[in-house]
Amino acid sequence: MRASRIRSIVQDSSFPSFLMLVLLIIVNAILQPGFFSYQVFRINFMTFTPLILVSLAQATVILVGAVDLSLGAGISLVTVVMASLMGATTASIVLISVLGVGVAILLSLFNGFFVATIGPPPLIMTFATSTIWFGIALLIMPTPGGHIPESYYGLYGKSIGGFLPVPVVVLLLALLLCLLLGRLRAFRHLYAVGGHERAARASGIRVVRTKIFAYLVSGIFVAMAALCVVGNTGTGDARSGQGFTLNSVAAAIIGGIAFSGGKGNYLGAAIGGIILGLLINIIYFAQITSFYQEFMKGAIIIVALLFGAVPRLRREISKR
Amino acid sequence: MSVLEARHIRKSFVGVRALSDANFTLNGGEICGLVGANGSGKTTFARIVSGLLVPDSGELALHGKPVNLRSHLDAEASRMAMVHQNLSLVPEMTIWENVVLGREGTGALRFLDNRGAMAIAEKAMAAIKVSLPVTERVKNISPDEKQLVEIAKALAKDPHILILDEPTASLDFNQVEALFEAVRALKARGVAIVFISHRLWEVAKICDRLVAFRNGETVGELDFSVQPREEKLIVPLITGQEAKARVRKPHDEREREIIALAGKSPALEMQDVSLPGGRLSNVSFSLRKGEVLGLGGLQGQGQEEILMILAGFLRGYSGTVRRNGSPVPLRNTRQGIRNGIALIPGDRQKEGLFPDHSVLANLLYPKLSMHRGAFFLPMVRNRALAASAIEQVSLLPPDPRLIVAQLSGGNQQKVVVGKWLSLDPEVLLLNDPTKGVDVGTRENIYAIISALTARGTSVLLYASDTEELVNNCDRVLIVFEGRIVKEISGGEISEEKIVVSSLNVEHTS
């Protein structure tokens, strides 16, 4: 029983990324002074949290067999909407935050509705919407700015009870959402549609509805990420979300989510997100010049992907 | 009383008429066969009845009441279940998740009831006497086990009407028996069953009645309570012609032919070939020029592994493979092809065809992959080659520009065979080539094969249908747990003998 438990952990799709994570934590701890101190932990999670959340968002749509390239532009759009409307009163902060969440979910649902009903390739569809979101964001705010009150972004750097940073609280909420999703019928159907759409249809699953559901869930995670980005930067910026799109795809794949859909889990995606966060940290603290930064990042991502591919390759060779 | 009545059902797909006048009655507690050639509309009809397709016109009545089966869910409400020919299983999911897929039970807060689902799956699997751990992922089980899970999935719905669309296509006779037992038990409980199969002996054995379709029309019925259970009564219903039993050449005549063709060494030899993990151990045999050698036995005993090694798919075997007396390396599929070995796969959808490409392209790919010489492809010559292949397999219609996906299943299978003919292979490996193929096409494929053997091509045939081995082979090797346990040759080959040796009981008792 115990041996089979261990085997099931080792065979989990997220296990290789977990090994990678341990390795990166060690490297990071060596390079970043005081890595295990509370302050560094808090500051690290201010940047890790949005990365993890977009990875979860991307993982959701990849699991259903699609992808979302507009997610970064969506975040940008939410930040400029919030920064251009938010006032200093508590009522305004709450209202505009809710509006930001609504916008993020709406953008994602727009993609989901088109992809599910009309059926363009999600890659092209969301690429198209990404440029539209970016265009709108530029229209609203050609240069970074706007007004985010200190009481909003200050909160993001605070800790609850002096030991629980707000970004970690946000992650705990996301964890709760993941656990809840795992027990829903619609979420099971999401795996079925991503794993084998025809079989899902033959089993009486409503495929269109399931795809829209995936984009809805993705939108919720994007909304959470956008709120964190606003908290972290304190401004609205039409380019603030740019890096998230492909980073989230890389994080999901590193975390063991199959790009073809239907395989992987949120744990892996979250680990993938942290791995990318650590990478950015490591490159910064290793004091690599900016030219090599991009180079190193790419190289390390490939190494991470190889990590994930080893067990699969081994299985395939033994099968052949 | 009839539980299902379909009258004048019509259905067309973009320009192609699948059903023009389908009539069908199913009575409570009976097993009714549905037979017909590939493309006669059986599956379309089954999909309409189970609510997956909406007919263009016609009437449907369930339990005497007219219904409009607009969606699958309506069909479920009327307790109808279908076992799909192209399986409806999600490979990455576990058996129990698949069994309840689309109908998951929920408990408090609408959360999934996983424990209940596992119990349902276990019960359904036990009903057809399958002992597989329900927590196993479907991608890790064999094709025949998948078929059984698919059946369990249908049974878990506790159906009043069960439609089985070629449920036995990937099962061996043992598993077929177990399935028949389960089907009879369901019948005893009052379930009405539609049984679709190309294996006529199965239909004759288990059905109470049968209905035949031809070109989308109901053309006849047989009632086994008044008519004898004979296959030769069924064949004319399907083909529209009298059954003409193919005359098998007498074994001594074949033997003389093979001896006349023989060169210095056998066309193909396997010597002490083993695979790790006991999948094959010390397999040795030789295949003479022009001979048809059968691989028999229960499903998954290593027959496919033998074919895969010869085709160059499986590396890591030990032992020697010789062609015409000299050892050949088989590390990849190119080496197999270069050594004159061609594999005709069983799963044509997955391994045999490029469904979205034209017949011409499909026929030429093996040739192109081996193309050497000039930079440009000799397309004029290639077209002529394709035309001759089309003629040899008698493809209908004989148009190289057609897209393969638009052909009927039988014609697709002809393309799978035809694509290798341009390379003129000396050894042809057949992996269950007539799985899900109707009688007419099956005869056609075997006619091609016997024409090839007469010219000196050697054939290694694995078939899950024992009758096929009997009708085509000069010798049959019985494989059991990765070993060859018996060789049956010439006039000794009979269904009974193959079945008995497959169980390998002589050795243990």
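Analyst: Strand β7 of chain B, residues 161-165, is largely enclosed by the rest of the structure, because five of its five residues are buried. A residue is called buried if 20 or more other C-beta atoms lie within 10 Å of its own, exposed if 12 or fewer, and partly exposed in between, with C-beta atoms placed from the backbone. Strands (E, at least two residues) and helices (H or I, at least four residues) are DSSP runs, numbered from the N terminus. This is a predicted model, in which local features need pLDDT of at least 70 and side-chain atom pairs count only at pLDDT 80 or more, whereas totals for chains, interfaces and linings use all residues. Residues are numbered from 1 along each chain as its sequence is written, and chains are lettered from A and ligands numbered from 1 in the order in which they are written.

In a regular strand the side chains alternate between the two faces of the sheet. In β7(B), B:Ile161, B:Ile163 and B:Asp165 point one way, B:Leu162 and B:Leu164 point the other way, and all are buried. Strand β6 of chain B (residues 80-83) runs parallel to β7(B) and is joined to it by four bridges; two strands are taken to pair if DSSP finds at least two bridges between them. Here B:Met80 stands opposite B:Ile161. Strand β8 of chain B (residues 192-196) is also parallel to β7(B), with five bridges between them, and B:Leu162 stands opposite B:Ile193 of β8(B).

B:Glu166 lies in the loop between β7 and α6 (173-188) of chain B. Although B:Glu166 is not a glycine, its phi is positive, about 45°. B:Glu166 counts as buried because 21 C-beta neighbours lie inside 10 Å. Another non-glycine residue with a positive phi, about 50°, is B:His8, placed in strand β1 (residues 2-13) of chain B. B:His8 counts as partly exposed because it has 14 C-beta neighbours inside 10 Å.

The domain assignment divides chain B into domain 1 (2-239), domain 2 (246-340 + 426-509) and domain 3 (354-424); such bounds come from an automatic or database domain assignment. The centres of domain 1 and domain 3 of chain B, taken over C-alpha atoms, are 34 Å apart.

Two further sheets of chain B can be described together with a helix that touches both. One is an open sheet of four strands in the order β12-β11-β14-β15, with antiparallel pairing. Its edge strands are β12 (280-287) and β15 (326-327), each pairing on one side only. Within this sheet, five bridges join the antiparallel strands β11 (residues 268-275) and β14 (residues 318-323) of chain B, and B:Leu268 stands opposite B:Arg323. Helix α10 of chain B (residues 303-311) packs on the sheet, touching β11, β12 and β14, and its direction makes about 70° with that of β12(B). Contact means that the C-beta atoms of two residues, placed from the backbone, lie within 7 Å. Axes are lines fitted to C-alpha atoms, for helices over the stretch in contact, and angles run from 0 to 180 degrees between N-to-C directions.

The other is an open sheet of six strands, ordered β16-β17-β18-β13-β19-β20, with mixed pairing. At its edges stand β16 (341-344) and β20 (483-489) of chain B, each with a single partner strand, so one side of each is left without a neighbour in the sheet. Neighbouring strands are turned by 20° against each other on average, direction ignored. Four bridges join β13 (residues 292-296) to β18 (residues 458-462) of chain B, which run parallel, and B:Leu293 has B:Leu460 as its bridge partner. Helix α10(B) lies across β13, β16, β17 (427-431), β18 and β19 (475-480) of chain B, running at about 140° to β17(B).

Finally, there is the contact between the chains: 23 residues of chain B are in contact with 17 residues of chain A. On the chain B side, helix α2 (residues 72-77) supplies the largest share, three residues. That side divides into twelve nonpolar, five polar and six charged residues; Ala, Val, Leu, Ile, Met, Phe, Trp, Tyr, Cys and Pro count as nonpolar, Asp, Glu, Lys and Arg as charged, and the others, Gly among them, as polar.
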